[in-house]
Amino acid sequence: MPTSVLVSCGAKGVQSWKLNSSGVRSSTTLRFKSESPCCGFGNQGALLGVGTGDGRIEIRDGMRGGLVTSLASGHSAVNSLTFGGELASMMCSGHEDGKLRVWNVHSREVVKEFDGTGPVKSCSMRKGDEYVAFGSGSYVTVASLKSNRKVLELEMAANHSKVSDLRWSPFRKSVVAAGCDNGALKVWDVTRPEIPSMAIADAHSAPVSAVRFSPVNHLLFSTASLDKRIRYYDIRVKKFIKVLRVEAPVTAFDFHGSGYRVAAAVSTGQVLMYDLRAGGHTATHTLEANDRGITSVVFRPTLSSGLDQSTVLSRMSSHQVDASLNAIGTPRSAGREAAESMFIFSPTNASRVSTASS
């Protein structure tokens, strides 16, 4: 496989690994004056944003790590950040002072700002850069960047639990999923926000540390938790289809752009790599980060990330398309449902099924 880049952020700064099929090819560490709780890639991986505990956001070269520019947000810690999907200059950040800030990275200015109901622990920009979602207190807030106003407040929990992470689906622009510090999971279609399209109160027995959608399969998403479990869900049948038990609490998680590799940071200071093609039960590589405070791991985007429908279909034979359509269109028995769950879990087949059915 070609070389890929994985970055982790935490108490000891930012660590970057170059990986190939045999494991780690090289690693680099960037030190900061304060902890670095969040990071994210933008502009197709050309930029790396790093948020720090003293309120700074550094924009760095996505491959070499050199400083490009620095954004100052006062003295409020940066809890989360994400770049826009379409516009390379757009980025949003969530802060401990309860603010969600939208930045123009080129001008280094805050262009929009929204108030939360408490510290903003997570944020995500929707594909197309029209809306941003952020988790603050017990609510997921959806705000319009065009009208500069909040348009929805979705209640995650009524028992003082807090939203811990959230993400927009990269395939269905109206779908957002969120995890909670009481272990709950909810998924909404914001065009019909009255009732969650999926809700699992006991998805985990400890705080959810990460919510991530597969980059190649719109049926598959995942949650990771401090309960030492990673769960994979089929959004169509609205239940989990696989659970991975990890040796320590999982503090961060991400999908590789291929869809079949994942990374999980654990509280013992390692980052564990898994290959879903092999079942994903045993780590294929262990990266020694020596950082027990990792709060974010992210793969540098690859050209295979987020392939659109026409691109994927163009790579399939007519026989493969027909087979995928038949698999989706045939009524399912209990046995067939289980077989299809395994089918969509295979990223190669999954992208074909999900694309053909959309």
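Helices (H or I, at least four residues) and strands (E, at least two) were taken as DSSP runs and numbered from the N terminus. The structure is a predicted model, in which local features need pLDDT of at least 70 and side-chain atom pairs count only at pLDDT 80 or more, while totals for chains, interfaces and linings use all residues. Residues are numbered from 1 along each chain as its sequence is written, and side-chain values use heavy atoms, with hydrogens and water left out.

On this basis the protein chain contains four helices and 28 strands. Of its 358 residues, 55% are buried, where buried means under 20% relative accessible area, exposed over 50% and partly exposed in between (1.4 Å probe, protein chains only). The accessible surface of the protein chain amounts to about 15,100 Å², with 49% belonging to carbon and sulfur atoms; areas come from the Shrake-Rupley method with a 1.4 Å probe, and for residues only the protein chains shown count as cover. Contacts (heavy atoms within 4.5 Å) were also examined by sequence separation. Among those between residues at least 6 apart in sequence, 43% join residues at least 24 apart.

Nonpolar cores were defined as sets of buried Ala, Val, Leu, Ile, Met, Phe, Trp, Tyr and Cys residues joined through side-chain atoms within 4.5 Å. The largest has 18 residues, and those with the most contacts inside it are Ile230, Tyr232, Val246, Val250, Phe253, Val262 and Tyr274. At least two residues of this core come from each of strands S21 (220-225), S22 (229-234), S23 (239-245), S24 (250-255), S25 (261-266) and S26 (270-275). Another core, of 15 residues, lies apart from it and includes Leu166, Cys180, Ala184 and Val190.

A disulfide was assigned to a pair of cysteine sulfur atoms within 2.5 Å. The search of the whole structure returned one. This disulfide is formed by Cys9 and Cys39, with the sulfur atoms 2.4 Å apart. The link is right-handed, with 130° about the S-S bond. Cys9 and Cys39 are both buried.

Cys92 counts as buried at 0% relative accessibility, and Cys123 counts as buried at 2%.
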